[in-house]
Amino acid sequence: MITPKVPDQEQSQRGHFPHWFAPTVLAVAFLLIHVAAPWGLSLLSTRYGWVDVRPGLWNLLALILVVPGLVFTIWMVTVPYRASPDTFVEFQQSKKLITPGPYAFSRNPMYVVELGFWFGWALFYGSITVFVGFLLWFALFNFV
């Protein structure tokens, strides 16, 4: 009796990213969207509260929203990575429901942190255009 030959399991046609690629792309995207974009938008309007091209005391207090946001962002990125490193590196959705850390309080804690960033930047720069950016993020998250 002749047994039909079973072909070897085919390799995925998708290319694999190097392990450094995902964290690098995420870091660059984060810096462009949540640091450079508010700064650029702030240049388009008057910076209220600034004196001699420096932020005033009340503007500096707004960094209370921005600095913890950095800590929470790092925390929110490490939790899914630790839960499923392969899917994280390949930019795939995790097959596990992530419940520890900030995900115990919110299904999408990044939305809250991103809004905190943008509101903090709007207060720091004292800029109407950055505040409009914050409102657009808010509307987008409510729509999604």
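In the predicted model, V53 lies in the loop that runs between α1 and α2. The backbone of V53 has a positive phi of about 50°, although V53 is not a glycine. V53 counts as exposed because its relative accessibility is 77%, where the cut-off for exposed is over 50%. D52 is found in the loop between α1 (21-42) and α2 (57-61). A positive phi of about 50° is also computed for D52, again a residue that is not a glycine. With a relative accessible area of 67%, D52 is exposed, since this value is over 50%.

The chain as a whole contains 6 helices and 0 strands. Read along the sequence, its elements follow the pattern α-α-α-α-α-α. Of the 144 residues in the chain, 28% are buried.

The second largest pocket of the model has a volume of about 190 Å³. Two elements, α3 (63-83) and α5 (109-125), each give two or more residues to its lining. The largest contribution comes from α3, with 5 residues. The lining is made up of L65, P68, G69, F72, W75, P102, F105, S106, P109, V112, V113 and G116. By residue class, the lining of this pocket divides into 9 nonpolar and 3 polar residues, with no charged residue.

A nonpolar patch on the surface is formed by L65, F119, L123, F131 and L135. Together these residues have about 380 Å² of accessible area. The elements that give two or more residues to the patch are α5 and α6 (128-143).

L123 counts as partly exposed because its relative accessibility is 40%, a value between the cut-offs of 20% for buried and 50% for exposed.

Methods: Residues numbered from 1 in each chain as written. Predicted model: local features only at pLDDT ≥ 70, side-chain atom pairs only at ≥ 80, totals over all residues. Heavy atoms only, no water. 1 Å grid on protein atoms, 1.4 Å probe; cavity = no way out; pocket = protein on both sides within 12 Å on 5 of 7 lines; lining within 4 Å. Points joined across faces, edges and corners; volume = space filled by probe spheres on them. Helix = DSSP H or I, 4+ residues; strand = E, 2+ residues; numbered from the N terminus. Nonpolar A, V, L, I, M, F, W, Y, C, P; charged D, E, K, R; others polar. Patch = residues over 30% accessible without salt bridge, like charges linked within 9 Å, V, L, I, M, F, W, Y side chains within 5 Å. Areas by Shrake-Rupley, 256 points an atom, 1.4 Å probe, with all protein chains shown as cover. Salt bridge = Lys/Arg side-chain N within 4 Å of Asp/Glu carboxyl O. Buried < 20%, exposed > 50% of the residue type's maximum accessible area, 1.4 Å probe, protein only.
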